[in-house]
Amino acid sequence: MILTFKPQFVEPIKAGTKIHTIREDKNNRWKQWTKIQFWNGNPRNVKANPHQFQSGVCTDVKGIVIDFENNDILIIGENIEDDSLITGINELNKFARNDGFESWESLKQWFFNEYGKNRFFHGRLIYFKVYATR
């Protein structure tokens, strides 16, 4: 399946520092071991010169609830024992870096710009492994 990204995320994916992405995935399309085509831009928008820059595989998918007001992230596993709560600025910054951002604050700002200033974001956390860099 195709995963599209804005240009700021291409190098972190190639470098292996962006190890997951957060998506709405309302239809639960993403499954473990799904092959991924990483695209810079949307292939349907040919005027923007989209292109595939990498290939990989989805290694895991979890539910995610981000609470921007309380500054915490709930990652929802298969069972309640697999759930984890990320709190504290050090852990939030680490999570944000793993998603290709410089900090928790930059992740929050990006979400506010993309989805509006909502308190919560509900979606899916897609972990991936990138094949050899092109």
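Colleague: Is W33 buried or exposed?
Modeller: In this predicted model, W33 is exposed, because its relative accessible area is 57%, which is over the 50% cut-off.

Colleague: And where does W33 sit?
Modeller: W33 is found in the loop between β2 and β3, and its phi is near 75°, a positive value in a residue other than glycine. Most residues other than glycine have a negative phi.

Colleague: Which other residue in that loop has a positive phi, and what is the value?
Modeller: D25, which lies in the loop between β2 (20–23) and β3 (35–40), has a phi near 45°, and D25 is also a residue other than glycine. D25 is buried, with a relative accessible area of 12%, whereas W33 is exposed.

Colleague: Let's move on to W39, then: where is that one?
Modeller: W39 is found in strand β3, and it counts as buried because its relative accessible area of 16% is under 20%.

Colleague: What does W39 touch, leaving out residues up to four places away in sequence?
Modeller: With those left out, W39 touches I2, L3, T4 and F5, and also P50, H51, Q52 and F53. Take L3 as one of these partners: L3 and W39 are 36 residues apart in sequence, while their C-alpha atoms are 6.1 Å apart in space.

Colleague: How much of the contact total comes from residues 24 or more positions apart?
Modeller: Across the protein, such pairs account for 65% of the contacts with a separation of 6 or more.

Colleague: New topic: is K18 buried or exposed?
Modeller: K18, whose place is in the loop between α1 (10–15) and β2, is buried, with a relative accessible area of 2%.

Colleague: Which backbone oxygens does the K18 side chain reach?
Modeller: The side chain of K18 reaches the backbone oxygen of H20 at 2.9 Å, and a polar atom of that side chain lies 2.7 Å from the backbone oxygen of D99. Not counting residues up to four places away in sequence, K18 touches several residues, including F5, F9, N98, G100 and F128.

Colleague: Zooming out, how many helices and strands are there?
Modeller: The protein has 3 helices and 7 strands, and along the sequence they follow the pattern β-α-β-β-β-β-β-α-α-β. The radius of gyration is 15 Å, close to the 14 Å that the globule rule gives for 134 residues, so the protein is as compact as a globular protein of that length.

Colleague: What share of the residues is buried?
Modeller: Buried residues make up 43% of the 134 residues, and D25, W39 and K18 are among them.

Definitions and conventions
Residues numbered from 1 in each chain as written. Predicted model: local features only at pLDDT ≥ 70, side-chain atom pairs only at ≥ 80, totals over all residues. Heavy atoms only, no water. Helix = DSSP H or I, 4+ residues; strand = E, 2+ residues; numbered from the N terminus. Buried < 20%, exposed > 50% of the residue type's maximum accessible area, 1.4 Å probe, protein only. Contact = heavy atoms within 4.5 Å. Polar contact = N/O pair within 3.5 Å; in protein donor to acceptor, adjacent residues only side chain to side chain. Rg over C-alpha atoms; globule rule 2.2 N^0.38 Å.
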